[in-house]
Amino acid sequence: MRTSTPRLTTAGALAVAATIGFTAPAAATPPQGVTAETLAELELAPSLIPPPPAGHPPVPDEVEGTLRRIEIAPGGSTGWHHHNGHVQGLVVAGTLSRVLADCSRVDSPAGSWVTEEPGGDHVGLNLGTTPLVMLVTYVLPDDEPFAEDAPARCP
């Protein structure tokens, strides 16, 4: 996996904050067929970030924004995990299938915007026959991991 991490200025914060985001691989149920490439990282001033959606925690004083390209191979899985901050994504190619903590499944085809609830356990799957590609934006407290492991909740 190749990772590049250009640093952006505060002016670039709005571009990343407006860009879409989604999940990172987790290890409670091991990820399979997942690669991630960091496209950009930056420190964000909370005053530049719009208020979070209902149900999301407030934005902390020290925030990092990261834009990543996530690819899941056919039959691949992120493993069960959750995020401790604001994560949004754009499905660029393929269809993302997410199984949520209540065992419901949500399918998001290419062109779909995806938002993850902070702390909401889920697994991302590629049930298709072509690679699934997403652009993912994470707005997290400094030094917070992209995702934390969660126990598998559904068969």
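Guide: Let's start with a term: buried means under 20% relative accessible area, exposed means over 50%, and partly exposed is in between (1.4 Å probe, protein chains only). This is a predicted model, where local features need pLDDT of at least 70, side-chain atom pairs count only at pLDDT 80 or more, and totals for chains, interfaces and linings use all residues. Residues are numbered from 1 along each chain as its sequence is written, and side-chain values use heavy atoms, with hydrogens and water left out.

Visitor: Is Cys 103 buried, partly exposed or exposed?

Guide: Cys 103 has a positive phi of about 75° although it is not a glycine. Most residues other than glycine have a negative phi. As for accessibility, the relative value for Cys 103 is 42%, so the label is partly exposed.

Visitor: What kind of aromatic pair do Tyr 138 and Phe 146 form?

Guide: Rings of Phe, Tyr and Trp (its six-membered ring) pair if their centres lie within 6.5 Å; planes under 30 degrees apart are stacked, over 60 edge-to-face, and the rest tilted. A search of the whole structure turns up one aromatic pair. With 4.7 Å centre to centre and 55° between the planes, Tyr 138 and Phe 146 are tilted.

Visitor: How far apart in space are Val 63 and Leu 44, C-alpha to C-alpha?

Guide: Val 63 is at 1% relative accessibility, so Val 63 counts as buried. In sequence, Val 63 and Leu 44 are 19 residues apart. In space, C-alpha to C-alpha, Val 63 and Leu 44 are separated by 5.3 Å.
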